[in-house]
Amino acid sequence: MSQADVTVVGTGAVGLSTALFLAQGGAKVEVVDSGGIGAGASRNNAGWIVPSMSESVPSPAALRTAAKWFGRGDGPLKVGWELSAGYVAFLARMLCAARPSAYRRGLAATASLAVGAVAAFDELVRLGVDFERHARGVLLLFVEEHGIQPHLDDLAVLAGLGLPGAEVLAGKDVRELEPEAGQGVVGGILCGGDQHVDPSSLVDGLAAAGAEAGVRLRLHAPVTRIVEGTGCVHLTAGGVTSSTGAVVLAAGVGTRSLAGMVAKRVSIRGGKGYGFDYRPAPFTLGHAVYLSDHKVAVTPLDRGIRLAGTMEFGAENIEVDHRRAAGVAAAMRAYFPNWPVRAPRPWSGLRPMTPDGLPVIGHLPTRAPIYVAAGHAMLGITLGPITGQLLSRQILTGEPDPLLAPFAPDRFRPVRFRRA
Ligand SMILES: Cc1cc2nc3c(=O)[nH]c(=O)nc-3n(C[C@H](O)[C@H](O)[C@H](O)COP(=O)(O)OP(=O)(O)OC[C@H]3O[C@@H](n4cnc5c(N)ncnc54)[C@H](O)[C@@H]3O)c2cc1C
C-alpha cells in the first residue's frame with residue numbers, strides 16, 4: 001500500500017521546504033528524520049540569505065586562505081590528518097574544482113539558483129511560514145586593505161550574472177553605520193540585497209506550515225533501508241517498512257549513505273563549523289557582519305548575537321575542537337574592540353559539502369522515483385527554499401527544470417588513479 005505520494009528524508013531547511021512546496025502542489029507528503037526537527041545543520045548556522053556569496057568552496061580564494069592559515073590551530077580552515085581513502089579522493093576532486101575555469105562555471109550555476117533565493121523566501125511568507133527575518137543587507141568588514149579587491153572582483157562577476165550590486169565603504173563610513181566598529185577596520189562592502197533569518201525559527205516555521213498543509217512528520221525514525229520497487233519505493237524508517245510513491249533524500253551529510261543503499265554514488269562529506277550564541281547581545285549591531293579576513297559571520301538576532309565560522313575537513317562528527325572554536329570568538333575583537341573576552345559554550349554543525357562545491361538536486365539515476373536535494377555546503381539556508389520550489393515542481397510535473405541541470409546527481413563518477 002502506498003502511504004504517501006512522496007516521502008522526504010530530512011527535516012532541515014531543504015527537506016522541509018521541499019515537503020511544503022510538494023504539499024502545496026497537492027501531494028500527500030510525509031517527512032521522516034532520525035532526530036527531531038532540524039536535527040542536522042539547519043539550526044546551527046549563521047542564518048544568512050546570501051546570493052552575494054554564491055562562490056563555491058573549492059575556489060582560488062579558498063586555496064589562498066588555506067595557504068595563509070596553514071598549520072594554525074585557531075584558523076578558519078583545517079584539513080584533519082585522520083582522513084580515509086574516500087575522503088582523500090574527495091579532497092583531490094575539490095582541488096580540481098578550484099581551477100579558475102571550473103570555479104567560474106560553478107559560480108554561474110549557483111548564481112542562477114541564488115537569483116531566485118530571496119523571492120523563494122517571499123513565497124514561504126505568502127504560504128504562511130512564520131519566521132524571524134531581517135532585510136538590512138550583509139556588511140563585509142576588512143582589517144586588511146588588500147582583502148577588499150578580490151571580494152569586489154567576485155561581486156562584479158555576480159552582478160554580471162544578475163545579482164544585486166554592492167556599495168564600497170571607507171573605514172569611517174563603516175563606523176557611521178556600525179559605531180562599535182574599531183579604528184582597525186579599514187573598509188567595508190555593503191551587500192544590500194542580502195538578508196538573514198533566525199535559522200531555528202525558519203525550520204520550526206516550515207514544520208508548522210507543513211503540518212497545516214497536511215505534511216505528516218515522523219521524527220526519531222532513522223531510515224535504514226531503501227529498496228526500489230516498480231513505480232514506488234520501499235523504505236524502512238524507525239524499524240517500520242512502508243511503500244511510497246517517491247522519495248526525496250534531503251538528509252544533509254547523511255545523504256551519501258542513503259543513496260548508497262540503492263547503490264548510487266553521491267559524493268557528500270561533512271565540513272564542520274563552530275558558533276557561539278551571545279544572549280543577550282553585548283551591544284547592538286545594525287547589520288549582519290562578515291569579518292572577511294577571518295571568515296566569521298556575525299548575526300544579530302532578536303534574542304542575541306550569533307557568531308559562526310571555520311571549515312574543518314576530515315572529522316565527520318560534531319565534537320568541538322575548543323581551540324579552533326575559540327578562534328571564531330577571538331576574531332571579533334580585531335573588528336569590535338569592546339566585544340567581551342569571555343565566550344559562551346560553542347556549538348558545532350556539519351555542512352554537507354560536495355567535491356565540486358555545487359548542490360546535488362534532481363533524480364538519482366535509479367529505476368524508481370528517488371530524488372536528491374542535498375550538498376548545499378555554506379548555502380543551505382540561502383538555497384533551501386528555491387531548491388524545494390524547483391524540485392517539487394519537477395517531481396509534480398515530471399518535467400526536468402533546466403535551472404537544475406548543473407546539479408544533476410549522476411555527475412559523480414569514481415576517481416581512478418592511474419599508475420605512473
Ligand atoms: C557554522 C555554519 C554556518 C553556516 N551558515 C550558513 C549561512 O549563513 N547561510 C546558509 O545559507 N547556510 C549556512 N550554513 C550551511 C547550512 O547550515 C546547511 O547547508 C544547511 O543547514 C543544510 O540543510 P539540509 O536541509 O540540507 O541538511 P540538514 O539541516 O543537515 O538536515 C538533514 C536532516 O537529515 C536527517 N537525517 C540524516 N540521515 C538520516 C537518516 N538516515 N534517516 C533519517 N533522517 C536522516 C538529519 O537528522 C537532519 O535532520 C552554515 C553551516 C554551518 C555549519
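Modeller: Thr-310 belongs to strand β17, residues 304-313; strands here are DSSP runs of E with at least two residues, helices are runs of H or I with at least four, and both are numbered from the N terminus. The model is predicted, so local features need pLDDT of at least 70 and side-chain atom pairs count only at pLDDT 80 or more, whereas totals for chains, interfaces and linings use all residues. Residue numbers start from 1 along each chain as its sequence is written.

Thr-310 has a positive phi, near 70°, and is not a glycine. Most residues other than glycine have a negative phi, and most peptide bonds are trans. Thr-310 counts as buried because 26 other C-beta atoms lie within 10 Å. A residue is buried if 20 or more other C-beta atoms lie within 10 Å of its own, exposed if 12 or fewer, and partly exposed in between, with C-beta atoms placed from the backbone.

Lys-295 also has a positive phi, about 60°, without being a glycine. Its place is the loop between β15 and β16 (296-301). Lys-295 is buried, since 21 other C-beta atoms are within 10 Å. A further backbone feature is the cis peptide bond from Arg-279 to Pro-280, with omega near -5°. Pro-280 sits in the loop between β14 and β15 (288-291).

Strand β14 pairs with β18 in the antiparallel sense over 7 bridges; two strands pair if DSSP finds at least two bridges between them. In this pairing, Arg-269 stands opposite Met-353 of β18. Because 6 of its 7 residues are buried, β18 is largely enclosed by the rest of the structure.

The shell around the ligand holds 42 residues, and the closest are Gly-12, Gly-40, Gly-252, Gly-254 and Gly-380; a residue is near a molecule if its C-beta atom, placed from the backbone, lies within 6 Å of it. The elements giving two or more residues to this shell are α1, β14 (269-278), β18 (347-353) and α11 (380-397). By class, the shell has 21 nonpolar, 19 polar and 2 charged residues. Here Ala, Val, Leu, Ile, Met, Phe, Trp, Tyr, Cys and Pro count as nonpolar, Asp, Glu, Lys and Arg as charged, and the others, Gly among them, as polar.

The largest nonpolar core has 126 residues, and Val-9, Val-29, Leu-141, Val-247, Leu-249, Tyr-371 and Val-372 touch the most other members. Helix α1 (residues 13-24) gives the most to this core, with 8 residues. Such a core is a set of buried Ala, Val, Leu, Ile, Met, Phe, Trp, Tyr and Cys residues joined through C-beta atoms within 7 Å.

For the chain as a whole, the secondary structure comes to 11 helices and 20 strands. Buried residues make up 53% of the 420 residues.
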